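Subject: Structure handover

Hi,

Here is the structure for you to open. Please have a look, then read the notes below.

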Amino acid sequence: MKMWINGKFEDSCSSEFFEVLNPATGEIVDTVPRGGREDVEAAVDAAAGAAGAWAATSPRNRAEVLHRAGGLVREWLDELAVLLTSEQGKPLAEAKNELLGFSGILEYYCGLASTLKGDFIQVPGNGYSFTLKNPLGVCAAIIPWNMPALIMGWKVGPALISGNTLVLKPASSTPLINLSLAALFGDAGLPPGVLNVVPGPGPVVGEAIAKHPGIKRLSFTGDTGTGKRVASLSASSLKRLTLELGGSDPMIVCEDADLEAAVDGALRGRFYNCGQTCTAVKRLYLQEKIADEFTAKLQKRVEGLRIGNGLSEGVDLGPLNSGKQRACVLNLLEEVRAKEEGTVLTGGRVPEGVEYAAGNFFEPTLITDVVPDSRLLREEVFGPLLPILRVRDLEEAIGEANRTKYGLGASVWTKDIDRIRAACEGLEAGTVWVNQHLKVAPELPFGGMKESGFGRENGGDALSEYLESKTVMVKT
Ligand code: NDP
């Protein structure tokens, strides 16, 4: 597959390529041009060239194009899901779910097209005043590999409906789904240059985007360290920024919770997408009274998860996305074992068998007796490891839950209204779930506190981040 610039597939200026591997088999899925700075220039030029006409297109007409694109994704769902699973690793059902989420986001923003308007404001004196809400122009997005379709939707939907044009850099291990979705926008009638996709190494293509003076706004999703670098590079051009960074979400289960529902929530919350979700349950806090029963129930469910190639029937857990990602998980677990920072209750190994030999598989793992300062609790663990901790009461749980630099999501499981209130007020997180975890909706603002970033995606909040107010005062 090639880069998508100015409404067509292009080679890179360098004529170099890189391979995209299937994480379940190690086979090459496809090759993609290795973009460089010149390709970013070409994409920004194309986006700048298309910006005036797209901004002048009425929101209703923009919505028609986005709606058609969402429809095409539904039409090609089976083929796109196979492609997404082949390069990302997740089970086919999760891939379909993610792609439907992509369509859902576009359709949600189509519905908001009619809300794009300024205000009429009266001030003292003769005359009248109003505000115009204008698009910013060329915007950019840098996205990761864990949810490449959904996160593309979070950026493309609000950027395009509000009349901006976009340059998107996909992650190097999952560029194929983003390139395919961009081409579907072309089929839906999106004018050339409005959406451009430049694959290539983060330190080259990503940094060229962050530094580019012609890009007015950048929305980045990825690691907190990379986010800090992107923020510093963007400062020279005073780009507007949204940073959706790492998370270490706590899940707190109180003694009065519906235990079956909470076990389900922990299982899905941690092991969905092989644990590679920014708002995955990364630390589980159980109140003493229910801790043994809960842990036993969860262990049984975890040991029943079927590991395998996401393209096969009945698989619950695919491989990690890359060898590098599995090495991070393995190294961390080795450190925990070597320093005696916790006890592996179940899992903790690379599964044996020929079907696992060439892939990046890892067993779903529960760890108990974790010491407070282990990296397992202090860093974002992007893989299928779940540390389980015991707490006396909710107050202690909230204190422990907040003892992290992250603040993306958190959940509390209880039927007690006072506990719900205390948790919602006390937990430092952009999203607090009650009796659920992980769910996101296009209507609801999503983003982090602390080192999980700033700015919001989704909902009306994201739309306003892609618009600029101009104040007009008329004297009569
Ligand atoms: P990165 O932050 O490195 O990658 C995310 C995106 O940023 C990719 O498109 C990447 O490109 C790009 N990028 C990398 N370096 C730069 C740079 N210097 N300037 C601009 N863009 C850059 O995350 P990783 O993929 O390396 O994952 C590492 C860790 O990050 C994970 O273990 C996890 O903890 C966390 N993470 C969190 C996510 C979240 O949603 N919260 C999502 C993904 C990762 P390329 O692919 O070419 O390197």
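Does Tyr109 count as buried or exposed? Tyr109 counts as buried, at 0% relative accessibility. Buried means under 20% relative accessible area, exposed means over 50%, and partly exposed lies in between (1.4 Å probe, protein chains only).

Some background comes next. This is a predicted model, where local features need pLDDT of at least 70, side-chain atom pairs count only at pLDDT 80 or more, and totals for chains, interfaces and linings use all residues. Residues are numbered from 1 along each chain as its sequence is written, and side-chain values use heavy atoms, with hydrogens and water left out.

Now the rings. A search of the whole structure gives eight aromatic pairs. Rings of Phe, Tyr and Trp (its six-membered ring) pair if their centres lie within 6.5 Å; planes under 30 degrees apart are stacked, over 60 edge-to-face, and the rest tilted.

One of the pairs joins Tyr108 and Tyr109: the planes are at 70°, so this pair is edge-to-face, with ring centres 4.9 Å apart. Tyr108 is buried, at 18% relative accessible area.

Tyr128 and Phe130 make a stacked pair, 6.3 Å centre to centre with 20° between the planes. Tyr128 is partly exposed at 35%. Phe130 is partly exposed at 24%. Together with Phe120, they form one aromatic cluster.

Last, charges over rings. This needs NZ of Lys or CZ of Arg within 6 Å of the ring centre and within 35 degrees of the ring normal. The charged end of Arg217 sits over the ring of Tyr466, 4.5 Å from its centre. Arg268 lies over the face of Tyr272, 4.7 Å from the ring centre.

Best wishes
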